[in-house]
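Please open the model in your viewer and keep the selection tool at hand. This tour goes from one selection to the next and says what is there at each stop.

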Amino acid sequence: MRKLPGGEEGEETGRTGALPAGLAELLHFPLLSLGTTLASHTGPACQGGCSGVCPWETGNLLLLLLLLLPPPLAHGGVPAGVHRLSGSFVLVYFRPVVHGRVSPPPGSSLHFTAGFLEEHQRAKAERRRTRPPPCLMALRLLPLLLQRKAACSAIPAGPMHRVPCLGGDLTPTQLCWQVPANSQAHHTSRFVTSDLVVRRGQGFNCTVYFNRPPQAGESLGFIAETGKAASEASHTRTAFAVSSTLAGGCWSATQVSQDSNYVNFAISSPPMAAIGRYKLILQVTCGNKVSARLLGQFVLLYNPWCSGDLVYLANEAERQEYVLNENGIIFVGNAQYIEARGWYYGQFQQNILDFCLLLLDLSLYHRQDPAGDTSRRGDPRYVGRVVSSMINGNDNDNGVLEGKWNADFSHHENPSRWDGSVAILRKWAQDKYKPVQYGQCWVFAGVAGTALRCLGIPTRLVTNFNSAHDSNGNLSIDKYYDPSGKSLKIGQDSTWPGDYAQLSTLVYQLCRQPAWRESVTGATASCCCCWLYQCGPASVQAVKQGDIELSYDTTFVYTEVNADINRWVVQKNGSRVRAYCDTCSIGTHISTKAVGSNQRVDITNTYKYPEGSAEERNIYKKACSKLPRSSTPARRPSTLDDASSELATRPELYGKFRLTQPPLLGKDVELILTLANLASAPKSVTVNLSVSSVLYTRTAVREILKETVHVDFDSQEEKRIPLRITYGHYGTSLTDDKKILVTALCDVAEGVKLLVEKAITLETPGIAIGVPPKVEVNKPTTVQISYTNPLPEPVDDCVLLVTLMGQAVTINVAGLAPGEKSQIYFEFTPRAAGAMQLHVDFSCNKFHHVKGFALMQIAPPASP
């Protein structure tokens, strides 16, 4: 390494000039200065850190015979072969072990490492101590002189061929990427990497040092290529000359300034270039001779700051939020109890960029067609689809996460344990790219958000509450119950009360296709399309307008936010009677983090028209009309075109559950079931109540309460039925999701049935984190962490997990008595300015993963 102007360190690309004089002493002959590089060669970077030039390591050089140099070589000439000369000549053989060849390929450069010369000095001292007298040495050298004379006579006489350009070939010796200035201009300065990271459609500068100044008759150019099979046909390899100005829409370069031995260049990429890791090659043309030398590698990303890029965002606040913010919020819970949970994306942390680029290379898309996959990486929709397939590990493709939705997570990580993506991606790499166990919807989406932001695609995470999972593509969800109201496991359709951020929204504008202004991608292993588990990107506008025939997976996403729910009662003889058709419950309180704050923003109207409106029903009919004919029979009962649907949608009996107070973990849950007879005639109703602990997917785990009540109604009479669920009922049956499902199947003697259902998430006392008013870089900071046992019984095995920027600290704390509150003080020293999230996770033997987080602004160190 050598210091460059401005104090930067440049990368050596090879050494030229005089051979070390000490080398001559190996054979005790005088040695004249060679004065130039023997040749040039483009090859892989050596182990010595040279930037792409193949320096033939002196340790691999075998000098068989070195005699006096001929006079022509002593004045800067470059030998183009072996010729018969009147004077002496040089025979030098190379044995480059690292390349596995016996002779150097055309263009290999010659330089000598410091380690070799040190070894030579030690060997020379040993020879001086043991060498024979000069007369004996002369006798030993006589056969060599005779061999030289014979070799000279065997070489045809002729002139010495010289390169037309005086001073030898123009060869780059060092490259300076000007990383600080480029990364600042390209908004990539926060990447913890030694690579140059730039964004497409925008120029960057670099400095190339040469062995001598470029001369008239020599023209310079560059080659930029990416991928294993780069080619001009696939637009992954481009050669471009140095011109007077930078050109838009293509690769171009211009010379900014020049000094005695270096040139400053400005290089620009097209705004549609494929993203990825690029090689930059220098081409030197002199007459009919063209030489190429690998200068180094850089990473090219999408550019939301470039108006010609498909991911362009005009709003700087949105760019800061959706591209540069490493701290996010995922909204969890259910539509009645929405909880904010912190998530650390960490897209700029060490190795994360390498992991995200590797993610693309490990995909089945790349394995099946490397050249085609690399070429298509200029399209953010395509890359979003590849990321969607690779975040889950369902396709045996080295995906990042393995999903699991039951309550057994023994020997592996409970999905609720994760607070960010960095730890997951590092564990994925540490385990040699085996899927990390385990993840669920919000975890898949969080990691996908990290990958997409890292690659430069503006991304926000969206939570769709009461999300539908339609397994047969008929735009409806069918739920089945027995006559007592117990949910039956029939069919694969499901509704998830809190589909935690399964919708990871890519916010980008396609200038030539306005319909793609915003699109939605899912990373959860729930949608199998084209033989891969992937979802999207589907146009949000297409979802809202019911254009389900459009790419990609628009039907699946439309169902997630706007399906109808059919509830069926399965009689003892196996027959099925539809009890109710719910057209309003799916897709509620669709939520995302606000730009520049931690507030929740409801964006439901972005995905659908208001429930109950004529527009919403018309769009649903439109979507149903576009289904394939094979789906039509299955969906007919759920449409609103027949009388039975009207009856199911507007029943003669109305019912609704209402909580009398917030449902708290450790306390009794009290509800009121309100039933109303909407008919003019009296009715006798049998109410079958069932309470079950469930996962957040509403999959039943255990039935914990069952009751039957008989109620008589007069004409248009309303009555209230109280229901209490004690801690003794649910305490031993809850999962970590802390969810209860209450159902009431109301059976009227005349055959009319009504099913009322309510999902309840038990609230836990939050973890309070007290942060000092000012936190500075390199100054110890102490925060206060308070936690509580909300149960009416003691808890043991208490553990606090404190996480900062992906680094976790486990703290074992004492057990807590019933209702007891405790606190600890945690000290840390921040090393960088900016926003930082502190995550706290509290677990014990009775419940797990109670979460809390605090966002801190780290101030730069105070000026002295």
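Are Phe 240 and Trp 251 buried or exposed? Select both: Phe 240 is buried, and Trp 251 is buried as well, where buried means under 20% relative accessible area, exposed means over 50%, and partly exposed lies in between (1.4 Å probe, protein chains only).

Before going further, note that this is a predicted model, in which local features need pLDDT of at least 70 and side-chain atom pairs count only at pLDDT 80 or more, while totals for chains, interfaces and linings use all residues. Residues are numbered from 1 along each chain as its sequence is written, and side-chain values use heavy atoms, with hydrogens and water left out.

**Aromatic rings**

Searching the whole structure gives 17 aromatic pairs; rings of Phe, Tyr and Trp (its six-membered ring) pair if their centres lie within 6.5 Å, and planes under 30 degrees apart count as stacked, over 60 as edge-to-face and the rest as tilted. Keep Phe 240 and Trp 251 selected: their ring centres are 5.9 Å apart and their planes are at 20°, so this pair is stacked. Phe 240 belongs to strand E9, whereas Trp 251 is in the loop between E9 and strand E10 (252-258), so that the pair links parts of the chain 11 residues apart; helices (H or I, at least four residues) and strands (E, at least two) are DSSP runs, numbered from the N terminus.

Next, select Glu 225 and Arg 237, which form a salt bridge with the closest N and O atoms 3.0 Å apart. The pair ties together parts that are 12 residues apart in sequence, because Glu 225 lies in strand E8 (residues 218-226) and Arg 237 in strand E9 (residues 237-243). Glu 225 is buried at 16% relative accessible area, while Arg 237 is partly exposed at 26%. A salt bridge here is a side-chain nitrogen of Lys or Arg within 4 Å of a carboxyl oxygen of Asp or Glu, and by this rule the count comes to 28.

**A salt bridge between two loops**

Move on to Lys 626 and Glu 549, whose side chains meet in a salt bridge of 3.3 Å, N to O. Lys 626 is in the loop between helix H14 (614-625) and helix H15 (632-635), and Glu 549 is in the loop between helix H11 (540-545) and helix H12 (554-562), 77 residues apart. Lys 626 is partly exposed at 32%, and Glu 549 is also partly exposed, at 48%.

**Lys 608 and its partner**

Select Lys 608 and Glu 611, a salt bridge with its closest N and O atoms 2.4 Å apart. Lys 608 is buried at 3%, whereas Glu 611 is partly exposed at 29%. Salt bridges that share partners also join Asp 547, Glu 549, Lys 622 and Lys 626 into one network.

**Helix H14**

Finally, select H14, where the buried residues are Glu 616, Arg 617, Ile 619, Tyr 620, Ala 623 and Cys 624. Seen down the helix axis, these buried residues fall within an arc of 160° (the arc of the directions from the axis to the C-beta atoms), so they line one face of H14. On the other side of H14, Ala 614 and Ser 625 are exposed.
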